[in-house]
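Subject: Structure for your files

Hello,

Here is the structure I said I would pass on. My notes follow below it.

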Amino acid sequence: MSDPFASALDAIFHGPGSEAAEIITIYGQHIADVRIIRSKADREARFGDGQMVAASCTVDIRRAQAPELNDGDRLLVGTIVGEAFVPAEDLVLTGQPVSDVEGMTWTMGYEAVEPAR
C-alpha cells in the first residue's frame, strides 16, 4: 500500500514548475536525480515605524532525496537531456532548512553563485 502523501508529493515535484537538480554537500557528497521547486516571495520586515519589503528566494527539496541539508551546500539546477543531467545554474543554499508539517520536504534559502571570470 503506497503512502498518499508521498504519491502526491511525487506528482508535485514532477509537475510544471519543478526542476532537475544535483546537490553537492559541504562535505563533497554528490546527490543526483533531485527534483526541486523554487519560489521567490516578498517578505515584510518592520524597522521602528517603517516597513521594508525584500525578495526572498527559497527552494523546496524532498527529504527522501536529501535527508540532511546544510548552509553552504551547492545546488546545480539544469535539465535532463536523454539520460544525462546538464547543469545550467549554480546556487548555494543559505540558512537552516525548515521542514514541513509532515516532515516530507525541506524549504531553504538560496543565492546564485557568480560564474568565475
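Thr105 counts as buried because its relative accessible area is 9%, and the cut-off for buried is under 20%. Please keep in mind that this is a predicted model. Thr105 sits in strand 6, which covers residues 105-112. Setting aside residues up to four places away in sequence, Thr105 touches Leu9, Phe13, Ile61, Arg62, Arg63, Val98, Ser99 and Asp100.

One of those contacts, Ile61, also belongs to the largest nonpolar core, which has 16 residues. The members that touch the most other members are Ile23, Ile36, Val59, Ile61, Leu69, Leu75 and Leu93. At least two residues of this core come from each of strand 1, strand 2 (30-47), strand 3 (50-62), strand 4, strand 5 and strand 6. In soluble globular proteins, nonpolar side chains tend to be buried together.

Val59 is in contact with Ile36, Ile37, Arg38, Leu75, Leu93, Trp106, Thr107, Met108 and Tyr110, leaving out its neighbours within four places in sequence.

On strand pairing, strand 4 (residues 74-81) pairs with strand 1 (residues 18-24) in the antiparallel sense, over 5 bridges. Within that pair, Glu22 has Leu76 of strand 4 as its bridge partner. Strand 4 also runs antiparallel to strand 5 (residues 84-99), and 8 bridges join the two. Here Thr79 is bridged to Val86 in strand 5. The hairpin of strand 4 and strand 5 has 2 residues between the strands, and Gly82 in this hairpin takes a positive phi near 65°.

Regards

Definitions and conventions
Residues are numbered from 1 along each chain as its sequence is written. This is a predicted model: local features need pLDDT of at least 70, side-chain atom pairs count only at pLDDT 80 or more; totals for chains, interfaces and linings use all residues. Side-chain values use heavy atoms; hydrogens and water are left out. Two strands pair if DSSP finds at least two bridges between them. Helices (H or I, at least four residues) and strands (E, at least two) are DSSP runs, numbered from the N terminus. Buried means under 20% relative accessible area, exposed over 50%, partly exposed in between (1.4 Å probe, protein chains only). Contact means heavy atoms within 4.5 Å. A nonpolar core is a set of buried Ala, Val, Leu, Ile, Met, Phe, Trp, Tyr and Cys residues joined through side-chain atoms within 4.5 Å.
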